[in-house]
Amino acid sequence: MPLPPARGLYDPSLERDACGLGFVADLHRPPSHDVVAKGVEILRRLAHRGAAGCDPCTGDGAGILLHIPHAYFERVLGRAGIELPNAGDYGVGQCFLSRNPSVRAMEVRVIEDAIRHHNQKVIGWRDVPVDPSVLGPLARASMPVFRQVFIGRMCSVPAFERTLFMIRKRASSSATQAGLHDCYIASLSSRTVVYKGLPLPERLGAFFADLRADDTRSKLALVHSRFSTNTFPTWERAHPYRRIAHNGEINTLRGNQTWMRARESLLASEAFGEHIADFKPIIRPGGSDSASLDNVVDFLVASGRSIAHVMMMLVPEAWEGQPEMPPERRAFYEYHASLVEPWDGPAALLFTDGIRVGATLDRNGLRPLKYVVTASGYVVAASEFGVLDFEADDIVEKGRLQPGRMLLVDFAQGRIVGDDEIKHEVATQKPYVNWLESNKIDLHALPGVPAVASMDALERRRLLRVFGYTREDTHTLLVPMATNGEEPTGSMGTDAPLAVLSERPNPLFRYFKQQFAQVTNPPIDPIREKLVMTLVSCLGGEGNLLVETPKQCRLLELEQPILTNDDLAKIVAEPLQDFKVAVLPMLFDVPEGHGTDPGASLQSALEDLCRAAEQAIDGNASLLVLSDRGVTERRAPIPSLLGTSAVHHHLARVGKRMRAGLLVETGEAREVADVALLIGYGAGAVNPYLAFESIAATDMAAPARERAEHYIHALDKGLLKVMSKMGISCLSSYQGAQIFEAIGIRKDAIERWFPGTASRVGGIGLAEIARESLMKHASAFEPGFDRIASDDDVVDVGGVYAWRVGGERHLWNPGTVANLQKAVRLEDQRAYDHYAKAINEQHDAPFTLRGCWAFESTRPAIPVDEVEPAAMIVRRFATGAMSFGSISREAHENLAIAMNRIGGRSNSGEGGEDEARFVPLPNGDSKRSAIKQVASARFGVTAHYLVNADELQIKIAQGAKPGEGGQLPGHKVDEHIARVRHSVPGVTLISPPPHHDIYSIEDLAQLIYDLKAVNPRARVSVKLVSETGVGTIAAGVAKAKADTIQIAGHDGGTGASPLSSIQHAGTPWELGLAETHHVLALNGLRSRVRIQADGQLKTGRDVAFAALLGADEFGFATAPLVASGCIMMRKCHLNTCPVGVATQDPVLRARFQGTPEHVINFFFFVAEELRTIMASLGFATLSEMVGHSECVIPRETSHPKARLLDFRELLTPVNPEDSFLPKETMDAPAGEDLLSQARPTDEALLEGTRLSLKYGEPTTMQIQLCNADRAFGARLAGELARKYGAEGLREGTIVIEATGTAGQSFGAFATRGMLLVLEGDANDYVGKSLSGGVLAVRPPARSSFKAHENVIIGNTCLYGATTGKAFFAGRAGERFAVRNSGAVSVVEGVGDHGCEYMTGGTVVVLGPTGRNFAAGMSGGLAFVLDDERMLAGRVSKAMVDLEPLTPEDEELVQRLVKEHEEHTRSARARYVLSTWSKRRFVKVMPHEWRRVLQSRAQQNAGKVAGAHG
Amino acid sequence: MGDPRGFLKTTRVEEDERPVEERVRDWREITVHASADDVKAQAARCMDCGIPFCHQGCPLGNLIPEWNDLVYRGKLEEATRRLLATNNFPEVTGRVCPAPCEASCTLNIRDEPVTIKTVERSISDAIFAHGSLTPQLSAVRTGKRVAVVGSGPAGLACAQQLARAGHDVVLFERDSRLGGLLRFGIPDFKMEKGILDARLEQMAAEGVTLQANTNVGVDPTGEQLLREYDAVALTIGSRIPRDLPIPGRQLAGVHFAMEFLSQQNDRIAGVPVDESKAILAAGKNVIVIGGGDTGSDCVGTSFRQGAASVTQIELMPKPSLVRVPANPWPEWPLILRTSSSQEEGAERDWAISTKSFREENGRVTGIEAHRVTFEGGKMVAIGGTDLVIPCDLVLLAMGFVGPERTGLVEQLGLMLDPRGNVRTDASGATNVPGVFAAGDASRGQSLVVWAIADGRRVAAGVDAYLRRARAESVAFAARASA
C-alpha cells in the first residue's frame, strides 16, 4: 500500500501528520470489554483531531492497541477447530496482506518460513472479520486483507517476545526482498494486538467486528486518531505502531536516520546473534517519522532495555542546566547523550510493552496530554480532558503531563509508577556518574599550549581573497558581531540573484537554504525558552549502541561548537593517549593548463580525503580535523561544506562514522548560516580561523579577546536561532540532520556528496563548484597582490545586502525605483515600460527562477480586448501584510484606501487596527483593511477586529524570517500604536516564534474553526513560506478547512530581520507554489482552496508566471510601497525612513508623499501588462490560465550557470486526471459550511441569547458541554461585536451556566457582557483573545479531589487576551496567560512558561508555578502565592524583578481573590483569605512596566493604583 | 553610517564663497574651505541608503556613503583610500564637478542633499596635506607599450590606470603643457593649477612618460603609433567649438570662449601671451553667447579682467525655478541655476537668437537678435521682438561639436558615430584593433567626471585587450565587475 510515486514536485517522503491519542488502563480489575469500549469511545471523542481528505468518509487513520483478548480468540478459533495454548504461550500477528490470492499465498509462506526459521510453531491463521461498507471509497479501494497468525511458543518465556520480534523482522525483510510490498505486520506479540486502518475514528469499532465482541477483553486500550497532510490512503501508517503511538513530529528525522544507519555496523548483541543482519536497516525506509521512531524503540526494547529506559534515552527531558534535577538522573542523560542523539520535535508519545503502558512528552512539552485517575481504578491519558465521562466524586486526580515527564502504569504491580520513581530506577542501573567523571574530556582541563600567532597581513589578505570575503562580510557582518555579540539586522528582504544565478563566485554555502518549521511543528523561542536548548557538542568515537560501557563516554565535551584558534591548538596537540587526533588537509590541486577539468581534480581530492579519513579511523583516531589551512599557489581549498559532507557520508556508508568526531578548521565559514550548514552536514565543531584573523585585524575599540568572544557569542546565538527555527532544541540532534535544501545543484552531485538533500532545480556540478573556488584562488595570486595595502582594498565590495556600484545585481536599483515612481506619479506608460523591461528581461543576467523562463503559447492568441478587463484582474490583487508599526500610519492607510477603491484587499499586518478605520470616510473611501492578520503575538486581535474583516489571515511564517518571532522595542511603541495593539506605550512588544495555539496541523484546524466561529462571513487564509514540503503542509491546511493558502517566497521584505534569515531561509515562491498546486491537485484538494502567491512580484510577467504555476491571487508588498515612495533605504529597523514610509517619527511621517492613485496606477499598469501576455497566450480570463505550467518553458541564455538549470520537475504539469476547478475570488467563504457541521450547542446558544443580542436584554441560560464543543461562545462573541462594537454589552448581561468538559478554546473572544461559568473542566486555549467577557471554571460541587492540586484548564489559556476577567478554581497547564495584554485572572497554579510575553493585565496565582515563569514579560503584573519559596528558582529574571507587595497591591490581590471566590466558590480562595496574614505573596514586576508606571505617576500622580493595562 | 539620525539634526550648510568685491580682484579660488568639524557634521547627514542613488548619480561610482561615514568617524586615511579607489583626481571633481551625486541624493527628495562634493574635496585636501600622493608603483611590468593621446582628464586617468596595471605608457600632448581642458579651460578661481602639477609629478613617478609639444598625427603619424605601440588610446577631446555663422562673425572682438579662457590661464601661469592676439575684457561691455559652464567661466574671467559689463544670453528658454513634475528626482533637475560667476554681476537673458553682429571699423559693436519660443521642440521666432545689445567683445560659448576629424582620426581610419564622435564599443575599442577612444572624443562634450570615468573604463578595456591570453578567467571577472 505504498504512497503514489514522486511526480513533479510531489515527494511522498515529505508527508507529515499529527493527531489525537489516548489510552485507558484498568489497574485493578481483570481484563474487561468495558476497557475496549472505552478506548473506542475515546476515539469517537477525539474525532475532531483527525482529518478527512477529499473523500469525507475516508479518515487519515485510526487504531487501537489491546492486550491479546485470549478468551475471544480461544472462542473464535475453537469454532474453527484450532486449539490455542494458554494465554502468554502464543503470539498473535496482525497481518495486512495482498488482495491478490496468489500473492497473498506467497506472503503467508514468507511469514511461516520466518516462524519456522526461529523454531516456533505455526498454530494457524484466522481471517479478521471487517465491514468494508463503513469505509469511504478511497479507503475501500486500498483496503488490504486482514489475517491474524497464531504462533506457538517453543522457547523460554523471557525469550519469546524477542523471538517474535526477530520473526517479524525476518518476515518483513524477506517480503521486501521477494517484492511483496503489500505485506505488513501491524503487530506480532504474545501480549498485545493492534487493530488499525483508515476508517474514520468513530467507525473503527464498526469496521472491526473483533472490537465489538463482549469477550474481547483487555486491561489496556491505547488509541490514536491521525491527521495527515495528504489524502492518500495508507493503511499501515495508521497508529498505534507496535510500541508507540505518537502525536507530533520528529524534526530531526533525517539526522536520526543517518546516525542510526551509521551505527548499524557497530551493533552486536548476544541475544540476537547473527540474526541481527535481518534487522538492517533498523529503520525501515519509507516510513513516517513515527514509524521510524517505533522501529528504534522496538529494536532497543527487544535488545533488552526496558521501555522506560528506551524512551528516556531517545526522548530525554531537558537536563542541561536544571538545578532541581538529581545528579544521577542528569548523569544518565549525559551518558546516553554520548550513545544516541535525541529524537527531537514536538511529541506526545504513548508507549507500551504490554506490561507497562506509559506516556511521555518531549522536553518542550508542546503537545498536550492530560490524565485522569479514578477511585474505581481507571487511568486515562489523552490529548484532551473529557474523552471519557466519570462521576465527579470518582475522580481522585486530574492532571496534565509536563514537559519531559513520564506517566507509567504497571499492570504487573497494578499501580501508577511516578516520574521520579521510574527515572530514579533507570538512572541508577549503572554508575553513570562515575563513568562520566572518569571518562568525559573537558576542553578547559586540557593542558594549555602557546597561543597561536596571528598570520601576517599578506597571508591574511590572500586568504580573504581565496575564501571570497567581501567588504560586506567584514563591515556588515563580522564587525557588528564582534562588537555587539549578535547578528546584525536588515530590512526589505532580498532582491539579488540566487547564488546559482549570480556571476560572482559564491561560497557553496549560499546554494543551500535553511528549512524551517511551519504548521506541523512549532519553532522555539531561543531567547525566552533557552532552558530547553543546548549547544553542547560531544566529539569522539561511539561504540555499540546495544551495550553500555564506561568507555562509551570517552568524548570531548564542548559547551558550544565554535573553537578559537587556541582551543583547536590544544586539541590538536593530542594531550591524551587514548584520544588521537588526525588533521586531514581539505585542499585540492589547481589544475595545470587549459582544458583540464577542475571538477576531476576536486573529485579526486575528495576521494583522497574520504580515504584518508577512513585510514585515520582505522588507525584509531577519535577525532578528525578537516582543515583548509595550507593554501598555496598550487593548492586551493575544497569548499568546506563539500568536504565535510563528503567525509561524513562516506564514513557513514562504510560504517565508520561513529568511531570518530568531525571537526572543521576552515577559513571559509564566517557567518551563522555557514556554521549551521557545516554542523547540519555532520561537523561536531568548527574553527572559523580566518574570521578570527579578520576580526583581530580590523580597527575596533574592543580588545581582541573580547571581540572573539563576542563573535562566538553571536554565532552561538544565531545557531540557536537556526535550530529553533526548525523546532530543534539540541545541537546533537541538529548535527547531521541536514535541515537544508539546495537550489541549482545537479541531482547526481547531490546524491553523491549531499545525499538526502532536496534539490528541486538541477544545475551545477563539481566542475562549476571547483571553478568558482579556483576563480577566487587565482585572484589571490595575481602579480602585485602583495602591494595592496589594506584588507578593505583586497576584498570585493559584495553588494549582496544592498545595492552598491560594482557589487551584486539587484532588481530594485536606482533605475527601477526611479522609473516606477515616475510611472505611477505621472501615469507615464513609457516609464513603466522601462521599469518592467528592466525587471522582466533578465536573459543573460537572471535574478530569479522565473527570470530564466519564457512563455510558450499552446493555444491561438486572442485580441487584447477579449481579455477580461483590468478592473476585474486587480480584484485578485492584495497588498502584503505590513503592520501599522512597521510602516507609518500614512503609508498603511494609503494602501488600504487604494485597495478598497479597486476592490482588491489590503492587509492589516500584525498589530491590530484602529477602530476608527472600520467606518467608511465621508467621501466613500475606506481605510479598513479587508484582510485582518492573526499572527503569533495576537496584538490587537479582538472579536471586534475579527468581525471587521473579509478575510482572516493566519500568518504561520513570513518570507524574510520564517520560523522567527519579532520585537517592537518599547521606544517605538507610541500612544497610537499601543492603543491599536491593546498595549501600553513604552512597553516592548515581543512576537513569539510560534503561535502558541498551533503546534500541529490539528491545532491549526482548531484556530481556523475558532476564527470561522467568531466571523463566519470572512474567509480564512493561511500564510506559508515556500520550502520543500510546503505543498504537503498546504494539503494539511486545506484539510484543516482554510479557504486560501498563501505561498510566500523567501525574498519578501520586512521591517527587520537578522541578515542571515533574509538571505538563507526559505526558497523562491516558484518552487513552493508549483509544489503546492501539484500536491493539492494530486490529493483532490485543489478545488477547495484558492492559492495566493506572494514575494517580490513586480510586473505583469511575474503575475503571469504565478498564475501559470497555479496561483489564483497575487500579493504585492514591496512594489506598492515603492509606488508610494519607498526608496529601499533598508533602514526600516532604525525608524529613520526619510520618505515617511517605514517610520513612526512624526517629522519623517510628514515627508510621506504617496497617494492612493500611485498605488492604483501601479496595479493597473501591472494588470494591463498581464492582459497583453494573456492575449498572446490565448487566455481570456485568469481563471482559465491557472495552473497551465505547460505554457512555461526555460529560455535560452548565455549565463554560464543558468544554462545548466534543470526545471523539469518544477514545470511538470498536473496530471490531467487530477482536474480541479479554480475558485473565483468572489466565491463565498466556507465558514457557514464548516460551522454547520459543528455541535448544536452553538446554535442553541445563539438562539437562547437572541433577545440579548437584539435588544441588549439580560439572559441567563444553562447548557451541557462535552469536549467536542469547541470554541464555545465564540459565535455569540462575534455577533455581539458586530452589533455592539468593541464596547459590547453591560457586564453580566448574558450569563451562561455550563456543565461538563468544554472542548478547546472555551470562551474564546468572549466580549463584554458575556459571563461564562463552567462547572467541570476545560481543555486548551480557554479565553483565547478574551475581549471583555468574564469566564469562571470550577470543579463540580460533588468532586472529591482537591481542586487547587488538580488541573482544571489546559494549556495556553488567555492567549492574547485584551480585556475581561477569568477565574479558575484549579491549576492551568503550560503558558498560562501567554501574551496577555489586559485580562485579569486568578488561577490556583500554573505550568511552565506562565505569563510568558505578557504585556499587560494582572494575574494572581494561588499556587505553584512551573519553570520559566514570566519569560519575556514586559508588562502587567503577576502576584504569586509562594509559601514554599519556590518562585525565585523558577522565574525567568531577564525582564522582571521579584518584590514584596505594597499596601495597594495587597488590597488589589485581596479584592481579586474575593472575586475569585465569588465566581468559583474556591476553597483555596477561602483558605487564603482566612489566613491572609500568614500567606506569602510575591509580586512579579517587569522592569519596563515599572518605568512606565513611574513616568505615568509623574504625569498624573495618584492614578496608578489599578495597574490594569 | 555614523549617525542614523544625522540628517534630522543637521541642515545642509554649503561652503562659503569669498565676497564678490574681494574675489573679483584676484584669480584665487573663491571657495572658503569649511572646518574639519563642519565637514564631519555634514558627512553625518548621509543615511547610507539601501540604494545609494548617489552611486548611480556619480559616473565614477564613488563610494560616497563609505567615505562619508569614515569622515564622520574621523578616519581620514581610510576615507582617502576609499575615495581614491574609484576616482583618480578627487581634488579636481571636488572643485569643478556639478555634483550629479548631490542631485540624486535621496535627501534631495524633500530635503537638501548631503554636501558630497565638499566632503570629497575635504578628503582630497587631506591627500595633499598628508602626502598621500605617493606614487603607486605597479608590482609587475608587462612590457606592453601604450600610447595615450591627449592629456585632458580622460587621458590622465587612462594613463594613470594603465601605468598602475604595469604597462609602459606614453602620454602625448600637443600643447606645451599637460592637462588639456583642466589646465586651459578651467579658470583658476575655480581650480588653481598647482594640484594638477602635483598629479603630473605623481604620474611621472609611476612611470608614465609625459610628452608635451607632440602633435600626434603629424609626428609621429598614426601609422607610426600603431607600429610602435601595443595599444593606443585616443583621449583627444571634443575640440571643435560650435560656431555661429552669421553676418559679422569675422569681426574683431568676436571670439570663441576657449581662446579667451586659455589665454588667461596662460597669463596666470606666467606663460607669455602674444599680446597682438590678446583678448581682454577690461573696460569693455562683454556679451557671452551660451548659458553653460564655459559661458560662466567667461563671465567670471571677464569681471576679473575689469569688464564694464557682462551680459550672458542663451537660446533656450529660462528654466523653471523648481523641478517640474515631469523631471522628478533622481533625474538631473533642469532648473535655473546661478553660477558663482553669474552672481558676480552678469546680466542674463534667455530665448534669444542672435541674427548678426553690428560693426564699426571692423570691430564688433553689438548684436542684433530677436526672441524665440519653442513649439513642439521647434524654435520659432517671435515677431516684433527684435533687439540690439551694444558690446565691445563677444565670446562664443555654445559648446563643442566633436573631435578633430582630420589628422589622427582620419589616418587611423576610425569610424564615427552619427554625431561625429569616435565610435567605440563598451570597452572603448574602436573599429581598429588595438585602438581605443575615451572621453569627449567618443562621448561628445561632457563633464570632467565623465571623462575620468571613461578614462578608467577604457584603461580596463585596454588592459583586458593586452591580457587576452588569460581569456577565460578574465572574461568571467569582467562580467563579475560589470
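Between chain B and chain A, 17 residue pairs are in polar contact, both residues being at pLDDT 80 or more; a polar contact is a pair of N or O atoms within 3.5 Å, where within protein one must be able to donate a hydrogen and the other to accept it, and residues adjacent in sequence count only if both atoms are side-chain atoms. The model is predicted, local features need pLDDT of at least 70, side-chain atom pairs count only at pLDDT 80 or more, and totals for chains, interfaces and linings use all residues. Residues are numbered from 1 along each chain as its sequence is written, chains are lettered from A in the order in which they are written, and side-chain values use heavy atoms, without hydrogens and water.

Eight salt bridges are counted between chain B and chain A (a side-chain nitrogen of Lys or Arg within 4 Å of a carboxyl oxygen of Asp or Glu). One of them joins D48(B) to R804(A), at 2.8 Å from N to O. In total, 39 residues of chain B are in contact with 46 residues of chain A, contact meaning heavy atoms within 4.5 Å. The buried area is about 3,900 Å², with 59% from carbon and sulfur atoms; this is the accessible area (1.4 Å probe) that two parts lose on being put together, summed over both.

Within chain A, the axes of helix 17 (residues 598-618) and helix 24 (residues 766-779) come within 7 Å and cross at roughly 95°. Axes are lines fitted to C-alpha atoms, for helices over the stretch in contact, with angles from 0 to 180 degrees between N-to-C directions; helices are DSSP runs (H or I, at least four residues) numbered from the N terminus. Helix 17 of chain A and helix 24 of chain A are therefore roughly perpendicular (65 to 115 degrees).

Notes
Helix = DSSP H or I, 4+ residues; strand = E, 2+ residues; numbered from the N terminus. Parallel < 35°, antiparallel > 145°, perpendicular 65-115°, else oblique.
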